[in-house]
Amino acid sequence: MSLDLDFVRSQFPALAGEWAFFDNAGGSQILKRSVERISDFLLTRNVQTGGSYDVSIKAREAVEDSRRAVATLVNAARPEEIVMGPSTTALLQNLARAMASQLSAGDEIIVTNADHESNIGPWVGLEKMGVVINTWKVNTETFELDIDDLLPLFSPRTKLVCVTHVSNLLGTINPVAEIARIVHEHGARICVDAVAYAPHGAVDVTGWDVDYYAFSFYKVFGPHHAVLYGKYEHLLELDTLYHYFYGKDKVPQKLEPGNVNYELSCGAAGMVDYLIELGGKSDASGSDRAKIVAAFTDITAHEKLIGERLLSYLRDRNDCRIIGRTSASDGRVPTISFKVDGRDSGEIAKSIDPYKVAVRFGDFHARRLAEALDITANGGVVRVSMAHYNSLTEVDKLIAALDEVL
Ligand SMILES: Cc1ncc(COP(=O)(O)O)c(C=O)c1O
């Protein structure tokens, strides 16, 4: 079934305004039901969890229900595998810190130069304890991370490979299940940044056999909050980030110092609710998980349509260079970056603002990638990052604005 766009848009009050939002990889609009869950928690259960009294028990149940919902969203084996925190950046920094006692001088970690800095910086920071960082470099001609370039980087000391599921600049979907298999064959673990993937596809941490997997809810139609999935047995091995009396077995709480934000965790469950309702339109009798998968099947089909509308426009111009795969059917999400010959990307983005079309320019904290591709000059790239709630009409509004300003 095709995506019910009227239903989708009705779920996001902000879409009723004049703006066409194409900065969704920066931050998506929030679902009304997420806001309602946040306010419901604050207005009815805003107490500390862990108390013996009824309201405290209800507060705890609400937070743990949300953890279960997120576990369903990512297809985790158990809710204890879900660590929540303020942002993907903070969660990955915490993960690196919590690995300290597992790593020794001379151990090796592979990072890419195609990731957002959030999944590079925390690992590079471990160099100060003698960890050796090896970089899997993007092919600057094709914009691809080639598996052939990863293989020679492994050694018997390789402990971890950190890679992005989707580049937030290129939009390319990397084959995480295949990479995870190769990483495991080499006796290492994989840590995936999925911030730029999660709004576009069903996450399946169990099916893909990834070890750590993080993304931010505020890019997936929820509040400013984030999740780090970790395999239960790996989380048990991590150092506690909380008080000394939070033992190694206190998972995931030992990794949520100062407690998880209750109301935002509850808000995150609104996304799961929404995806289940959306997927139910295509798969009425399926399990919640099947409905989530069905929702993303419809989302992907719609996103290919809207993405291809812009990509074909850019391909047809002789002054635009698409930075990434050039076709929507080609293993990519509709996060589309381009440069225009002889023009400053910042100047282009700013001149589109008066058309009430929100795009963005720069390097999006994928600084190492932008430098490797030599695209930092003249304001970096213009990035149009679409979400499933964008319509063809909005894409046409953007194209009309581009026609005027280019
Ligand atoms: C691919 C990617 N990874 C990580 C991040 C950082 O996420 P957060 O803002 O939750 O720290 C971003 C934010 O733009 C991103 O696009």
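**Entry 1: β6**

I call a residue buried if 20 or more other C-beta atoms lie within 10 Å of its own, exposed if 12 or fewer, and partly exposed in between, with C-beta atoms placed from the backbone. My helices (H or I, at least four residues) and strands (E, at least two) are DSSP runs, numbered from the N terminus. I am working on a predicted model, where local features need pLDDT of at least 70, side-chain atom pairs count only at pLDDT 80 or more, and totals for chains, interfaces and linings use all residues. Residues are numbered from 1 along each chain as its sequence is written.

I started with β6, where five of its five residues are buried. I then looked at which way they point: Arg189, Cys191 and Asp193 go one way, Ile190 and Val192 the other, and all are buried. I noted the background too: in a regular strand the side chains alternate between the two faces of the sheet.

**Entry 2: Cys191**

Which strand holds Cys191? I found Cys191 in β6. I counted 26 other C-beta atoms within 10 Å of Cys191, so it is buried. Next I listed its contacts (C-beta atoms, placed from the backbone, within 7 Å). Leaving aside neighbours within four places in sequence, Cys191 touches Leu95, Asn119, Leu160, Cys162, Asp211 and Tyr212. I also checked Val111: it is 80 residues from Cys191 along the chain, and their C-alpha atoms are separated by 9.5 Å.

**Entry 3: the partners of β6**

I count two strands as paired if DSSP finds at least two bridges between them. On one pairing, five bridges join β6 to β5, and the two run parallel. Within it, Cys162 is bridged to Cys191, and Leu160 has Arg189 as its bridge partner. The chain gets from β5 to β6 through α7, and this β-α-β crossover is right-handed (with the strands pointing away from the viewer, the path from the first strand over the helix to the second runs clockwise).

β6 also pairs with β7, parallel again, over three bridges. There I found Tyr212 of β7 as the bridge partner of Cys191.

I looked at β5 as well: five of its seven residues are buried, so it is largely enclosed by the rest of the structure. Three bridges tie β5 to β3 (residues 108–112), and that pair is parallel. In this pair, Glu108 is bridged to Thr158 of β5.

**Entry 4: the whole sheet**

What is the strand order of the seven-stranded sheet? I read it as β2-β8-β7-β6-β5-β3-β4, an open sheet with mixed pairing. The edges are β2 (82–85) and β4 (132–136), each with a single partner strand, so one side of each has no neighbour in the sheet. Neighbouring strands are turned by 20 degrees against each other on average, direction ignored. For angles, axes are lines fitted to C-alpha atoms, for helices over the stretch in contact, and values run from 0 to 180 degrees between N-to-C directions.

**Entry 5: the four-stranded sheet**

I moved on to an open antiparallel sheet of four strands, in the order β9-β10-β13-β12. β9 (320–322) and β12 (360–362) are its edge strands, pairing on one side only. The twist averages 35 degrees from one strand to the next. β9 is joined to β10 (residues 335–340) by three bridges, and Ile322 faces Phe338 of β10. Helix α11 (residues 288–316) lies across β9, β10 and β13 (381–385), at about 15 degrees to β10.

**Entry 6: the ligand**

How many residues surround the ligand? I got 13, the closest being Ser87, Thr89, His116, Val195 and Ser216, where near means a C-beta atom, placed from the backbone, within 6 Å. The shell divides into four nonpolar, eight polar and one charged. I took Ala, Val, Leu, Ile, Met, Phe, Trp, Tyr, Cys and Pro as nonpolar, Asp, Glu, Lys and Arg as charged, and the others, Gly among them, as polar.

Conventions. Two residues are in contact if their C-beta atoms, placed from the backbone, lie within 7 Å.
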